[in-house]
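This report covers a nonpolar core, a helix pair and aromatic rings. The sequence and structure come first.

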Amino acid sequence: MADSFLQALLAVSTPGVLILIIIGVLFGIIGGSIPGFTVTMAILVVFPFTFAMDPISGVALMIGVFVGGYSGGIVSGVMLGIPGTPSSITTVYDGYPMAQNGEPGRALGIGMLASFFGTLISIAVLVFFGPLIAQMSMHFRPWEITGLIVFALTLVAGLSNGAMLKGLLAALIGLFITTVGLDRNSNLRFDFDLAFLSSGFEILPVMIGVFAFTQLMGNIEKLKEETHQDTQAPDASVNIPYRHIVRDIGQQKLNTLRSSLIGSLVGALPGTGGTVANFISYDQARKFSRHPERFGKGIPDGIVASEASNNAVVGGAFVPTLALGIPGDLPMAIMMGVLILHGIQPGPLMFEQNPILVGAIYASLLLGAVIMVIFQLLLVRWFARISQIPQQVLVPVVLMLCAVGSYALNNNLFDIWVLFGFGIIGYLLWKAGVPLTPLILGVVLGNNLESQVFRAMELDDSWLTFLTRPLSASFFILAAVSVVVALIQNRKIANKLSATENG
């Protein structure tokens, strides 16, 4: 493994790949700095440019965006009080008050260093636990993999902001989308005698349409409200008090470690991601603090907890994606799509069949973290200006890039229609309160789920085998339990809300 990592490090350290990582980090920071743009949007925009690249270059570019995007949200959060990404919401709680107290540079510097250390700790988690989980999953057969995918989908649906049934519906819609076109036996289905449906839908236009188009339409809806908000313009003269922030971080060693481990653990769970890690680590930091009453007034502890945890999600999220072939969240689903497009199937065998590529992922994360903290600390005043880009300019430019990216996939005009068609569907579902992440994961995992079910039935045509094999049965039981628990929690939340309204 050491030899593979050294080869991967040499491959990633070439000028061409380093430039791609730098471009990815810069674009990620820019995307994260713009309120409403989100890390996922940045990744979706860059995704099509990886088609013509070799696997290492494509993955390095995407990882650069991934690392930069999670750290970029701190800029608008501190300067405007508006989180650039959902995973930097709790950064605003103490970052913005610190900026209002005349210390924006200190708040930004603390957050940037916390982001850096959070990423480093998450890389260590990935390096140590990724191969271990992969080795354990080598014993998985089609029945176990089927159960794991079903469990992942129900877990994601169960974490869909209290909309359990809608989350399950979204996951089923995603699975249905993958059944359009030819099946594994070359039989046409759900093509409605339309020639352009015979090959099914490409993952990329569907993902961009469902998520990016919907997000942009939501931004347009909020545009009128934002014009009436009295927000403070970023101060272009922001300076980082380097010695002060180094001393601040030195006093936050335990908080940094705890928050990073929380982020890594939460990132490894399907359907959670940076937002959940953000709130959990912030809550834990306040509980362990000697001065909990200072939280929300501009205390370094809160900024460190938020930024260390949401950046630690990066390494943690790669664990189930690489080791099991199960993406934990939407950005990881896109990252998995990059690997699949290059003919690489994430899963247990990836560590044996593509050790250099796995090593390249480790190396890209490490180099991306170093590049991220350097650029953040040196160019912070310019990133502060980025957060002021108006939505009137942003929305049409991003839509154009999305359309070009979808067309570039196969040079097929139909893919652009797929983008806008699923964009409208995604927007209507979003307006109806249906979570979109389960739908996207259903699209990403659908083909694998169908393949594993068919393989299992070819080996043993009895459906009872799924329940008689201990491990696969355990996954199905966990899936059922997650549904029941989520329904109970939703009912409790609904009862509390109704009691509050009646009271």
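How many residues does the largest nonpolar core have, and which of them have the most contacts inside it? This is a predicted model, in which local features need pLDDT of at least 70 and side-chain atom pairs count only at pLDDT 80 or more, while totals for chains, interfaces and linings use all residues. Residues are numbered from 1 along each chain as its sequence is written, and side-chain values use heavy atoms, with hydrogens and water left out.

The largest nonpolar core has 122 residues, and Phe 66, Phe 318 and Leu 365 have the most contacts inside it. Helix 4 (residues 55-79) gives the most to this core, with 14 residues. A nonpolar core here is a set of buried Ala, Val, Leu, Ile, Met, Phe, Trp, Tyr and Cys residues joined through side-chain atoms within 4.5 Å. Buried means under 20% relative accessible area, exposed over 50%, and partly exposed in between (1.4 Å probe, protein chains only). Helices (H or I, at least four residues) and strands (E, at least two) are DSSP runs, numbered from the N terminus.

Contact means heavy atoms within 4.5 Å. Beyond its neighbours within four places in sequence, Phe 318 is in contact with Ile 63, Phe 66, Leu 126, Ala 323, Met 332, Met 335, Ile 361 and Leu 365. Another core, of five residues, lies apart from the largest one and includes Ala 285, Phe 295, Ile 299 and Ala 305.

Asn 255 sits in helix 11 (residues 253-267) and counts as buried at 6% relative accessibility. Leaving aside neighbours within four places in sequence, the contacts of Asn 255 are Ala 285, Asp 301, Val 304 and Ala 305.

Aromatic rings of Phe, Tyr and Trp (its six-membered ring) pair if their centres lie within 6.5 Å; planes under 30 degrees apart count as stacked, over 60 as edge-to-face and the rest as tilted. By this rule there are 10 aromatic pairs. Phe 201 and Phe 414 are stacked, because their ring centres are 6.4 Å apart and their planes are at 20°. Phe 201 lies in the loop between strand 2 (188-189) and helix 9 (203-227) and Phe 414 in helix 19 (residues 413-431), so the pair ties together parts that are 213 residues apart in sequence. Ring pairs also link Tyr 93, Tyr 282 and Phe 295 into a cluster.

| Residue | Relative accessible area | Class |
|---|---|---|
| Phe 201 | 26% | partly exposed |
| Phe 414 | 18% | buried |
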